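Let's take a look at how one protein model is put together. We'll start with charged side chains and then turn to a helix.

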Amino acid sequence: MEPCLSVVMPCYNEAASVERVIARVLASPYTAELIVVDDGSTDGTREILSEVDDPRVRVLHQPVNAGKGAALRTGFAQTRFPYVIVQDADDEYDPADYAQVLAPLLDGRADVVFGSRFNAVHAHRVLYFWHSVGNRLLTTISNMFTNLNLTDMETCYKAFRREVVDALEIEEDRFGFEPEITAKVAGAGWRVYEVSIGYSGRTYAEGKKIGWRDGVHALTCIVRYSPVGRAGRRAKAAREGGGRGPVTAESSDDALAGTLDSLDDAVNYAGWIYSMMEAHLGPRVLEIGAGHGTLTQLLADGRTVVATDVSSRCVGVLRERFSSRSDVEVLEADVLATPDIGGFDSIVMVNVLEHVADDRAALAHLRDALHPGGRLLLFVPAFEALYSDFDRRIGHHRRYRAPELAAAVTEAGFEVVDARYVNSVGAIAWWVVATKLGQAPTKRWSALTYDKAMVPVLRRVESRWAPPFGQSVLCIARRPE
């Protein structure tokens, strides 16, 4: 057998096993080179690697611990042989399994091969039940998004033809590499095979590093890098010049009016948003982008509200609706021209900031409209990957990730109190209806059905569990004293 395999081994604090694993890798007749990427080890691993004396071994050093994905990104760039495999530096995976992993590649059937720990043909160490449940759950969700039928998406043993490695761009730094690569391989249409491998799992006392937080992050990666992401990029390209024609202010307002009409009776959804904001509301509230006043009605319960909108049509609807209310004042005003009538205790913007071209300038302006200690309450659409032609038509400039929105709010001089995703099921529905089917997701019948059937359930569930993704981002921020 002619050596044909580049083995890439990310390595962080594996002094107890790395020398033994290197010997096993080099004993394989398939190994042409071993690229060890030391990821900032501090336990003596670096010293052990410095003593390895074999021309097939190259040791690369990361300046700081950056994670498995970052190490693989470094190692993959240095590979030179026709096939590439990932090898952990612990004793969990045996290089003796290279033969069955490489077989579908060598005979031309596959472009990528996954080594499955859950096809119980080979012996495997029996360990954590819930860990295996988590792995299977992540694999199932990944399969739903990629339309693959893998049994072990999180496996270390992933082998590639060199052309696949050259075409892949690794963006994740940590263990999110696994769902990212799986999604990108599926999206590119590479031929994927799966074979059974042995597995000698280790305990956390023995050095296992992956934890539940990595599992939660894997869920976000499954969504981010699946075909949803490609749809989002297509939509982004469309709104930057390749769409179905320009969106004028008039056409955007018409489309938004239809959306507001459809959502007027979605009282459960408005109540859910209000319930998440209620504890942060002061006695004097400025609502920017009040629309038809569905949320305004709730905000004015025991408070005075200045309700503004940039649309003359919406302002007319608001004035008619609240004409008999002394606690609600309606003004036509842009977010960058908040009324100069004194400071507010709270500013509420629900599905408004995404319509503002310069959202940073808007956030900075809003800070000055609040009393010291006042709260800014934002509710915006989530995930650029969910951006659809419908977003474009109703005037959305962008969708947000929770960390990105929190960073923008902090940059504007606020202190972030809370930033989280809301409406996990809605994100999936939006992806199917808006990004995949190209339909308006806010048609009256579907909006009311969702409002009555799903929103009460989600409100209860997400009050106890913060989902890793959602249709929207809720951000609560405070102006410092």
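## A bridge across the chain

Arg73 has a relative accessible area of 33%, so it counts as partly exposed. Here, buried means under 20% relative accessible area, exposed means over 50%, and partly exposed is in between (1.4 Å probe, protein chains only). Asp173 is partly exposed too, at 34% relative accessibility. Keep in mind that this is a predicted model, where local features need pLDDT of at least 70, side-chain atom pairs count only at pLDDT 80 or more, and totals for chains, interfaces and linings use all residues. Residues are numbered from 1 along each chain as its sequence is written, and side-chain values use heavy atoms, with hydrogens and water left out.

So what do Arg73 and Asp173 form together? They make a salt bridge, with the closest N and O atoms 2.6 Å apart. (A salt bridge is a side-chain nitrogen of Lys or Arg within 4 Å of a carboxyl oxygen of Asp or Glu.) Arg73 sits in helix α3 and Asp173 in the loop between α6 (162-167) and α7 (177-188), so the pair ties together parts that are 100 residues apart in sequence. Helices (H or I, at least four residues) and strands (E, at least two) are DSSP runs, numbered from the N terminus.

Side chains of opposite charge can pair when their charged atoms come close. By the salt-bridge rule, the count comes to 29. One of them joins Lys68 and Asp88, whose closest N and O atoms are 3.3 Å apart. Lys68 belongs to helix α3 (residues 68-76), while Asp88 is in the loop between β4 (83-86) and α4, 20 residues apart. Both Lys68 and Asp88 are buried.

Arg478 and Glu415 also meet in a salt bridge, at 2.8 Å from N to O. Glu415 is partly exposed, at 39% relative accessibility. There's also a network of salt bridges linking Glu171, Glu172, Glu180, Lys184 and Arg224.

Which residues of helix α1 (residues 18-27) are buried? They are Val18, Val21, Ile22, Val25 and Leu26. Looking down the axis of α1, these buried residues fall within an arc of 135° (taken from the directions from the helix axis to the C-beta atoms), so they line one face of the helix. On the other side of α1, Glu19 and Ala27 are exposed.

What do the buried residues of α1 pack against? Their partners are β1 (5-11), β2 (31-38), α2 (45-50), β3 (57-61) and α4 (98-106), where contact means heavy atoms within 4.5 Å.
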